[in-house]
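The sequence and structure come first.

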Amino acid sequence: IGQIHRRSLRYAAALSAYNASLRGMKEVLGNRHANIAAILGNIGNLYMELGDYDEAFQIYQEVLGIETLHLGLSHPEVAVTLHNIATIECSRGNFSEGVSLYKQVVDMQKIRFGPQHITVAVTLSCLADANEKMGNVDGAIRTYEEALQIRKNVLGKSHIDVGRILHKLGRLAASRNDYRLANVYIMKAAEIYADNKLKPDHPFLREMARDMADIQAGLAFSGCKGIAV
């Protein structure tokens, strides 16, 4: 019932249903049963959607305690919960804590799934974003590059997600005034966007137009010409 309310954006009703289910299960199974973690996870997700990060953080910490008790420290479900906590930390502006947790999740995922799994690329992208927001541009570029190679291998070189990372790399290179490299990234991203036939009013293309203009202005100001790709 809680899920139905949540999908219909009836958050108060969803929370009430989740809490009623949680109370019933705790009475029958106890506070630390494995099934309790699933309901708590739903409540944590709901608070995340509502932007109540402090409440979501407390819930996910409880989920983490139950999951590690029953599943161990290296289980994929534990990695998911750690990923959620990292996202909360970044949403609260605690980027250093978020980076540390994302790195932990990446290590867990590489061991469990292998270094070229798509879930590794997803977490690497989150890690790169957190690095960027805390001002570590070089770290963000290195991490996006690793995520880029995985996405190319798994999804293909013309996938829209590959284009999106290239676009982000172009902006990062421009932010440190490396306009020649930024132009390489941004032109490759533009080609992929064109291959995917995005509509003219797509937000990616609006961003692309602005970023290309900024990069060309930077090239002109620095006396460079764009590199053909």
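Arg151 counts as buried, at 10% relative accessibility, where buried means under 20% relative accessible area, exposed over 50% and partly exposed in between, with a 1.4 Å probe and protein chains only. The model is predicted, so local features need pLDDT of at least 70 and side-chain atom pairs count only at pLDDT 80 or more, while totals for chains, interfaces and linings use all residues. Residues are numbered from 1 along each chain as its sequence is written, and side-chain values use heavy atoms, with hydrogens and water left out.

Side chains of opposite charge can pair when their charged atoms come close. Arg151 forms a salt bridge with Asp161, with 3.4 Å between the closest N and O atoms; the term requires a side-chain nitrogen of Lys or Arg within 4 Å of a carboxyl oxygen of Asp or Glu. This pair links distant parts of the chain, since Arg151 is in helix α8 (residues 137–155) and Asp161 in helix α9 (residues 160–175), 10 residues apart. Helices are DSSP runs (H or I, at least four residues), numbered from the N terminus. Asp161 is partly exposed at 31% relative accessibility.

The whole structure has 11 salt bridges, including those in the table.

| Salt bridge | N to O distance |
|---|---|
| Lys26 and Glu62 | 3.7 Å |
| Lys133 and Asp129 | 3.1 Å |
| Arg151 and Asp161 | 3.4 Å |

Lys26 has a relative accessible area of 25% and is partly exposed, and Glu62 is partly exposed at 28%.

Lys133 and Asp129 are both in helix α7 (residues 118–133), 4 residues apart, about one turn of the helix. Lys133 is exposed, at 52%, whereas Asp129 is partly exposed, at 27%.

A network of salt bridges links Arg164, Arg171, Glu207, Arg210 and Asp211. The charged end of Arg164 also sits over the ring of Phe204, 4.0 Å from its centre; this requires NZ of Lys or CZ of Arg within 6 Å of the ring centre and within 35 degrees of the ring normal. Likewise, the charged end of Arg92 sits over the ring of Phe57, 4.4 Å from its centre.

Notes: Helix = DSSP H or I, 4+ residues; strand = E, 2+ residues; numbered from the N terminus.
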